Amino acid sequence: MTKVDVGGEIVVPPRRRLRVSPPLAWITVTPFALWAVARLAGLDAAGAGVALMTGTPYVAAASVVAVLAALSSRRRPVIATAVATTAALAAVVLPRAIGSAPATTATGPTLRILTANLFYGVGDAEAVVGLVRGLRPDVLTTQELTPQAVEALDAAGLGGLLPYRHLEDAPGASGSGIYSRHPLTRLPGFAPAGGHRMPRARIALPSGPPVEIVDVHTLSPVEHDVALWAADLAALPSASPGVVRVLAGDFNASLDHAALRAVLARGYADAAGATGHGLAATWPANRRFPALITIDHVLYDRRAAAVDTGVHTVPESDHRAFFAEIRLPGHL
C-alpha cells in the first residue's frame, strides 16, 4: 500500500462574538439606570411609582442583563453606567438577604410577635390558632378583623392561649385587634381619620422594660388613596425613650418605599431585614403563583435586637403571617 501525503493546512474559522450595538446597549441599560435613580432619590410618592417600586428586588436581579449587554457593546460609558446601576440596586437589596442588624446591647427577655392579615375576616381561624400554639407568640396582631373572625378565633381556642385583648373589629377591611399572653393597657389611637383602625396597647411583661405594641394597617396605595397611605405611615409614632415600641402589621409598603424608610429613620429596625429574611414575600398569598412582595413587617426599637423571623401560610388569606422574636434591652 502506498502512503499518500495529503499536505495542506487546516484552517479553523474565527468565532463570531456576539456584539450589541451601542444604541441598543443604551436602550437596554437606561430603564434600569432610571429605576436606580428613582429608588435612591425616593421618587415613588405618587401614581404608578408607588406600586412599581415594590418590584425593585426583581429589577436588581434583572439588571445583570443590562451589564451583559453593555459589555457586549464594548463602550466604556455604557459599561460604567450598567455596572454602577447594578451595584446601586444590589446595595439596597442584598442587605435584606444577608442581615443587617444594628449594633445593640439588648440583654432583656424576648418578645415573640405574630401578625396576620385575615383578608376581610375569612382567613382560616384554625390555622391562625395553630400558629399561635406552635410559635407561642406573646402577642398576635390581626388586620381585617371582623366580628365574625373574632367569633371564629374564639371558637378555635385563641382565648385560652392569648387571654388578653384590645380589639377594634369592624366589617370589611377596617378592623384590627391585639391579642396578648400578658395583661394589656389600652392606649389612645392615633390613626388619621378615614383609614383603617390601628389599635395600640402597653403590655405588662413579667420582666424587662415597658413595651408598647401598635397594630399597623395602612390604606392600600392605589389611585386616590396614595396620599392617605402616606399620611398613615407618617402618623405612626416614633420610637420613644421611655418605652420599647414595636410596630407590627400590614404596612402596604416595602423597604423600597421612601415613606416606610422614613418610619425606620425615626428609631426603628426591620426584623426581617435584620435577620436576613427581608426578601421573604408576604403578598399576594394563596394564589397559583408564589407571593411576590414583602409588605407585612415587624419594626422594633433599635435598642432591641431581632433574634428570628419567619413567614407562614394562612389558608384563605391573601397575606402570609409574619413572625418575629425580639430581644428587649435590659433596661431603658
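Start by selecting arginine 303 and aspartate 301, whose side chains meet in a salt bridge at 2.6 Å, N to O (a side-chain nitrogen of Lys or Arg within 4 Å of a carboxyl oxygen of Asp or Glu). Arginine 303 is partly exposed at 30% relative accessibility, while aspartate 301 is buried at 3% (buried is under 20% relative accessible area, exposed over 50%, partly exposed in between, with a 1.4 Å probe and protein chains only).

A word on the model: it is predicted, with local features needing pLDDT of at least 70 and side-chain atom pairs pLDDT 80 or more, while totals for chains, interfaces and linings use all residues. Residues are numbered from 1 along each chain as its sequence is written, and side-chain values use heavy atoms, leaving out hydrogens and water.

Next, pick arginine 245 and glutamate 212, a salt bridge with its closest N and O atoms 2.8 Å apart. Arginine 245 sits in strand β8 and glutamate 212 in strand β7 (residues 211-217), so the pair ties together parts 33 residues apart in sequence (strands are DSSP runs of E, at least two residues, and helices of H or I, at least four, numbered from the N terminus). Both arginine 245 and glutamate 212 are buried.

Now go to aspartate 256 and arginine 39, joined by a salt bridge of 2.7 Å, N to O. Aspartate 256 lies in the loop between β8 (244-250) and α9 (258-264), and arginine 39 in helix α1, 217 residues apart. Aspartate 256 has a relative accessible area of 1%; for arginine 39 the value is 7%.
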